[in-house]
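Subject: Structure for your records, with notes

Dear colleague,

I am passing the structure on to you with this email. Please open it alongside the notes, which are meant to be read with the model in view.

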Amino acid sequence: MSLPPLVEPAAELTVDEIRRYSRHLIIPDVGVTGQKRLKNARVLCVGAGGLGSPALMYLAAAGVGTLGIIDFDTVDESNLQRQIIHGVSDIGRSKAESAAASIREINPLVNVEIHNTALDRENVREIFAQYDLIVDGTDNFATRYMVNDAAVLLGKPYVWGSIYRFDGQASVFWAEHGPCYRCLYPEPPPPGMVPSCAEGGVLGVLCASIGSIQVNEAIKLLTGIGEPLVGRLMVYDALEMEYRKIKVRKDPNCALCGENPTVTDLLEDYEDFCGAVSEEAQEATVDSTITALELKEWQDAGKDIFLVDVREPAEYEIVRIPGATLIPKGDIISGEALAKLPQDRQIVLHCKSGVRSAEALAALKAAGFRDAVHVQGGVLSWIKQIDPSLPAY
């Protein structure tokens with residue numbers, strides 16, 4: 001459905017702006033008035049990572065007058081495979097500062113506002129209130145639900161995107177005109193069910209595919225042209241090069257935007273709501289967690305342990321802890337691998353950071369392996385504390 005323009009047009013375009021945006025101006029649907037609306041717009045991008053990078057670059061190139069960036073992270077070498085707004089010289093630098101510098105190089109006519117902080121319950125309303133439109137480039141469920149809830153409570157539209165391996169999704173959520181994120185996903189997935197990009201990977205160019213869709217939707221909303229993805233979910237399969245659209249209807253029973261909402265304010269703890277680790281895993285790790293240093297001490301002392309790497313084969317090929325046997329978490333959870341585990345040796349589990357190994361530990365405890373333990377921080381802690389020469393990922 002067509003929607004009215006989100007912002008009023010600016011008073012005028014300068015000669016420099018007319019030259020810069022001439023290819024927009026000669027499009028009848030955009031024209032001078034549309035470009036003036038972009039100039040007058042204030043857009044916040046949540047995250048300057050995989051999706052935020054192309055989104056910020058194209059929003060800047062399009063002439064959005066004020067761009068806000070919120071990101072508290074720093075640039076890491078592993079980001080450069082997909083986060084194209086940053087470069088080698090930016091490693092260790094604030095992502096927000098790095099992104100702002102790139103934006104100013106792309107278009108010095110754009111005003112950049114930096115929020116070099118973590119988005120949380122205390123600041124999300126104040127920050128969102130300053131902008132007309134939110135572009136969501138987050139990569140975790142806790143922040144996604146908080147972004148959605150804040151946008152609905154403030155009456156703000158936002159453009160959402162998600163990426164994983166070769167698959168991407170995008171939509172526009174605006175409760176006044178259609179569904180919100182909770183209408184599509186009323187509850188977060190069970191802990192450990194959906195791996196993050198850090199665990200499962202993402203094809204770098206997928207970020208550009210979905211990020212450009214987000215910018216396209218933002219421009220349509222700001223200028224009032226075309227039919228935004230309100231009430232529609234765009235699903236992209238990069239391997240099959242296939243796009244499909246799924247209708248998403250407003251849920252009258254939605255806890256947030258339904259007819260009788262039960263969520264009328266921001267939640268106290270979104271991390272707890274999304275449950276990064278299941279209760280079973282939390283209980284299993286009590287008194288059954290060791291550090292990488294303790295694991296090294298056990299190995300040096302010749303302790304009879306059976307070290308299990310519960311990551312995926314591709315991760316095992318990148319880097320591994322010496323002496324570890326690969327048994328993916330899924331095989332342990334399903335019970336398929338239990339027969340492979342020795343009954344007369346203490347089992348030590350590890351993954352990349354400690355989340356998956358905690359879930360696998362809970363399954364082992366339930367299967368009777370009472371003395372099994374897992375390594376806090378996983379292989380990343382081993383690299384940091386024991387062998388920094390190994391590659392982190």
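Predicted model: local features only at pLDDT ≥ 70, side-chain atom pairs only at ≥ 80, totals over all residues.

Residues are numbered from 1 along each chain as its sequence is written, and side-chain values use heavy atoms, with hydrogens and water left out.

Domains

The domain assignment gives domain 1 (15–274) and domain 2 (279–386), the bounds coming from an automatic or database assignment. Taken over C-alpha atoms, the centres of domain 1 and domain 2 are 36 Å apart. Contact (heavy atoms within 4.5 Å) is made by 4 residues of domain 1 with 6 residues of domain 2. The two domains bury about 420 Å² between them, of which 36% is on carbon and sulfur atoms; buried area here is the accessible area (1.4 Å probe) that two parts lose on being put together, summed over both. Between domain 1 and domain 2 the count is 0 salt bridges, a salt bridge being a side-chain nitrogen of Lys or Arg within 4 Å of a carboxyl oxygen of Asp or Glu.

Nonpolar cores

A nonpolar core is a set of buried Ala, Val, Leu, Ile, Met, Phe, Trp, Tyr and Cys residues joined through side-chain atoms within 4.5 Å, where buried means under 20% relative accessible area, exposed over 50%, and partly exposed in between (1.4 Å probe, protein chains only). The largest such core has 45 residues, and those with the most contacts inside it are Leu-56, Leu-67, Ile-69 and Ile-103. Its largest share, 9 residues, comes from helix H10 (residues 204–223); helices (H or I, at least four residues) and strands (E, at least two) are DSSP runs numbered from the N terminus. A second, separate core of 25 residues includes Leu-44, Tyr-145, Val-248 and Leu-266.

Salt bridges

By the rule given above, the count comes to 14 salt bridges. Arg-182 pairs with Asp-149, the closest N and O atoms being 2.8 Å apart, and this pair links distant parts of the chain, with Arg-182 in helix H8 (residues 181–184) and Asp-149 in helix H7, 33 residues apart. Both Arg-182 and Asp-149 are buried. Salt bridges that share partners also join Arg-121, Arg-125, Asp-265 and Glu-268 into one network. Within that network, Asp-265 and Arg-121 form a salt bridge with their closest N and O atoms 3.7 Å apart. A further salt bridge joins the side chains of Arg-93 and Asp-90 (3.0 Å, N to O); Arg-93 is partly exposed at 36% relative accessibility, whereas Asp-90 is buried at 9%.

Two individual residues

Asn-148 lies in helix H7 (residues 141–154) and counts as buried because its relative accessibility is 0%. Leaving aside neighbours within four places in sequence, Asn-148 is in contact with Tyr-158, Cys-180, Tyr-181, Arg-182 and Leu-256.

Gly-354 sits in the loop between strand E12 (346–350) and helix H16 (355–366), and it counts as buried because its relative accessible area is 9%. With neighbours within four places in sequence left out, Gly-354 is in contact with His-374, Val-375, Gly-377 and Gly-378.

With best regards
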